Amino acid sequence: MRFLLLIGATLALTGASCGGGTASAESVVRAWSSALNAGDNESAADLFATNAEIVQGGAEHRFSNRADAVEWNAALPCSGRIVRIETRGDSVTATFVLGDRATGQCDGPGIKARAVIRVRAGKIVLWHQVPVPQAPPVETTPVV
């Protein structure tokens, strides 16, 4: 099933680029997530621009080439099922529920993670992990 989703996402991106337009920011983020979840670090890396900026856990770095993008994607310990996605222009804020990858166990399965991902010309130029907003506390009325 994951393979079919990855093929569909790849075809959608290919069709968009062949038709003269560029893929939407949301479709690029969904394709990246599908590739990562399928363990296809090469396809995931292909969705990043050269010089893409990564901000994660207080550290910042840039990819100087495709090999850097492959290495970074391969080092991610968790898959991420998108449970919420918000798009504003070329920026997408995606919330994921983390899970194990085919290549190893996730260090936080079941927890949520969130990233702001900026896409230009069909390529990810910024991937910035941000905090997941906390749900407001539920007020209860004491039963008398």
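Let me start with Asn41 and what touches it: Leu36, Val70, Asn73, Ala74 and Arg101, leaving aside residues up to four places away in sequence. Contact here means heavy atoms within 4.5 Å. Asn41 sits in helix α3, residues 41–46. Helices are DSSP runs of H or I with at least four residues, strands are DSSP runs of E with at least two, and both are numbered from the N terminus. At 13% relative accessibility, Asn41 counts as buried. Buried means under 20% relative accessible area, exposed means over 50%, and partly exposed is in between, with a 1.4 Å probe and protein chains only.

A word on the source. The model is predicted, so local features need pLDDT of at least 70 and side-chain atom pairs count only at pLDDT 80 or more, while totals for chains, interfaces and linings use all residues. Residues are numbered from 1 along each chain as its sequence is written, and side-chain values use heavy atoms, with hydrogens and water left out.

Next, the sheet. Strands of a sheet pair through backbone hydrogen bonds, either parallel or antiparallel. Two strands are called paired if DSSP finds at least two bridges between them. Here six strands make an open sheet in the order β2-β1-β6-β5-β4-β3, and the pairing is mixed. At the edges stand β2 and β3, each with a single partner strand, so one side of each has no neighbour in the sheet. From one strand to the next, the twist averages 20 degrees.

Let me walk through part of that order. β3 and β4 are antiparallel, with 10 bridges. Within that pairing, Ile82 is opposite Phe96 in β4. The two strands form a hairpin with two residues between them, and Gly89 in the turn has a positive phi of about 65 degrees. β4 is mostly covered, as nine of its 10 residues are buried. β4 also pairs with β5, again antiparallel, over seven bridges. Thr95 stands opposite Arg114 in β5. On to β5 and β6 (residues 123–130): they run antiparallel and are joined by seven bridges. There Arg114 is opposite Val130 in β6.

Now the helices on the sheet. Which strands does α2 lie across? They are β1, β3, β4, β5 and β6, and α2 runs at about 175 degrees to β3. For such angles, axes are lines fitted to C-alpha atoms, for helices over the stretch in contact, and the angle between N-to-C directions runs from 0 to 180 degrees. α4 packs on the sheet too, touching β1, β2 and β6, and its direction makes about 35 degrees with that of β1.

Back to α2 itself. It covers residues 25–37, 13 residues, and reaches 18 Å from its first C-alpha to its last, close to the 18 Å expected at 1.5 Å a residue. The expected span is 1.5 Å times one less than the number of residues. Is α2 enclosed or open? Among the buried ones are Val28, Trp32 and Leu36. After α2 comes Gly39, with a positive phi near 80 degrees.

Then the aromatic rings. A pair of aromatic rings is described by the distance of the centres and the angle of the planes. Rings of Phe, Tyr and Trp (its six-membered ring) pair if their centres lie within 6.5 Å; planes under 30 degrees apart are stacked, over 60 edge-to-face, and the rest tilted. That rule gives seven aromatic pairs. In one of them, Phe48 and Phe63 have ring centres 5.4 Å apart and planes at 75 degrees, so the pair is edge-to-face. Phe48 is in strand β1 (residues 48–56) and Phe63 in the loop between β2 (59–62) and α4 (66–75), 15 residues apart. Both Phe48 and Phe63 are buried. Phe48 also meets Trp72: centres 5.7 Å apart, planes at 75 degrees, so edge-to-face. This pair links β1 to helix α4, 24 residues apart. Trp32, Phe48, Phe63, Trp72, Phe96 and Trp127 form one aromatic cluster.

Last, the sulfur atoms. Where is the disulfide? It joins Cys78 to Cys106, S to S 2.0 Å; the cut-off for a pair of cysteine sulfur atoms is within 2.5 Å. The count is one disulfide. The link of Cys78 and Cys106 is right-handed, with 85 degrees about the S-S bond. Both Cys78 and Cys106 are buried.
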